Amino acid sequence: MKLIQALLTVSLASAAPLSSRGKLFNSKVRSPLRSNTRMPNVVSRASEVSEATATEVVPEPVKEKWGYAAGSAPMGKYWDPLGFSKDKSESEMKRLREAEITHSRVAMLAFLGFMFQESLIDRPLFWSPEKGPIEGPAIYHFQQVAERFPLFWLATIPFFAFFENKRARIGWQDPTKGGDLFGINEKYEPGDFGFDPFMAYPYDNKGKAEMKQKELNNGRLAMLAVAGIMAQELVNGKTVWGNFGIPNLVPPHGPY
């Protein structure tokens, strides 16, 4: 009997851990099933979020319209009697303005060259002992300089080529990379290629606008003035100062 009681006690004691293990096993088996019931909800929410983000449209930044420096009175706000700007795109208008500013700067330098060189006609900047000083109106000085110094104009080619190449790289589109052949870059401001040795260009927007107006007005005036000087010298063969009756503006300078 004692043996039977002992066996029953051992069997009951061993039965308790088995039941607890069974409960743990059942809980481990049931937990994945319970988690699987939640997976469709998680997937549906993720799909809703992805669809919402996909339907959102990011607005493109507003592109500011390029403002033309129109010049000043008396020609009005924008003077174009021949209609060069009619039906022109922004790139084409920038190319026209680039040409106008470039010719304006050349004309302003040319006007100073006419006035300065012809004022030193008796002691010119370009002088040689063999052929003497340069004489006559400035429209003929180009040929006289070439006669005295044949390599002078060739020496200026690298100087001009450097700035022309820089201007083309900054302002023009690259046709080898899909750009237009004569297209202007969108962010390029005509005439502004970073050359300001005297630091005269203002930093504020108001000062920049005023400087553009001054350059445009003086450049247009210089183009008209140089055209008038050249026409007058071709007609009567006199210098600017000769037409005014003033032989020399400043005292004699030069090598002798």
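Phenylalanine 182 sits in the loop between helix 5 and helix 6, where helices are DSSP runs of H or I with at least four residues, numbered from the N terminus. At 53% relative accessibility it counts as exposed; here exposed means over 50% relative accessible area, buried under 20%, and partly exposed in between, with a 1.4 Å probe and protein chains only. This is a predicted model, in which local features need pLDDT of at least 70 and side-chain atom pairs count only at pLDDT 80 or more, while totals for chains, interfaces and linings use all residues. Residues are numbered from 1 along each chain as its sequence is written, and side-chain values use heavy atoms, with hydrogens and water left out.

**Confidence**

- The protein chain averages a pLDDT of 76, with 65% of the residues scoring at least 70; pLDDT is the predictor's confidence in each residue, from 0 to 100.

**Contacts across the sequence**

- Back to phenylalanine 182: leaving aside neighbours within four places in sequence, it is in contact with Arg95 and Trp172.
- The C-alpha atom of phenylalanine 182 is 8.7 Å from that of serine 91, although the two residues are 91 apart along the chain.
- Serine 104, in helix 2, is buried at a relative accessible area of 1%.
- Not counting residues up to four places away in sequence, serine 104 touches Gly219, Arg220 and Met223.
- Glutamine 144 belongs to helix 3 (residues 141-148) and is buried too, with a relative accessible area of 16%.
- With residues up to four places away in sequence set aside, glutamine 144 touches Pro133, Ile134 and Glu135.

**Aromatic pairs**

- The count comes to seven aromatic pairs, given that rings of Phe, Tyr and Trp (its six-membered ring) pair if their centres lie within 6.5 Å, with planes under 30 degrees apart called stacked, over 60 edge-to-face and the rest tilted.
- Phenylalanine 159 and phenylalanine 163 make an edge-to-face pair, 5.1 Å centre to centre with 65° between the planes.
- Those two are about one helical turn apart because they lie four residues from each other in helix 5.
- Phenylalanine 163 also pairs edge-to-face with phenylalanine 195, at 5.1 Å centre to centre and 75° between the planes.
- Phe159, Phe160, Phe162, Phe163, Phe193 and Phe195 make up one aromatic cluster.

**Salt bridges**

- The structure holds seven salt bridges, each being a side-chain nitrogen of Lys or Arg within 4 Å of a carboxyl oxygen of Asp or Glu.
- Glutamate 90 bridges to lysine 94, with the closest N and O atoms 3.7 Å apart.
- Being four residues apart in helix 2, glutamate 90 and lysine 94 are about one helical turn from each other.
- Glutamate 90 is partly exposed at 26% relative accessibility, whereas lysine 94 is buried at 3%.
- Glutamate 100 and arginine 97 form another bridge, at 3.0 Å between the closest N and O atoms, and both residues are buried.
- In helix 5, glutamate 164 and arginine 167 are three residues apart, so about one helical turn separates them.
- Their side chains meet in a salt bridge at 2.7 Å, N to O.
- Glutamate 164 is partly exposed at 41% relative accessibility, and arginine 167 is buried at 14%.
- Shared partners join the salt bridges of Arg97, Glu100 and Arg220 into one network.

**Loops with positive phi**

- Most residues other than glycine have a negative phi.
- Aspartate 87 has a phi near 55°, a positive value; this residue is in the loop between helix 1 (2-55) and helix 2 (90-119) and is exposed at 72% relative accessibility.
- Methionine 199 likewise has a positive phi, near 55°; its loop runs between helix 5 (157-171) and helix 6 (205-236), and at 56% relative accessibility methionine 199 counts as exposed.

Notes
Contact means heavy atoms within 4.5 Å.
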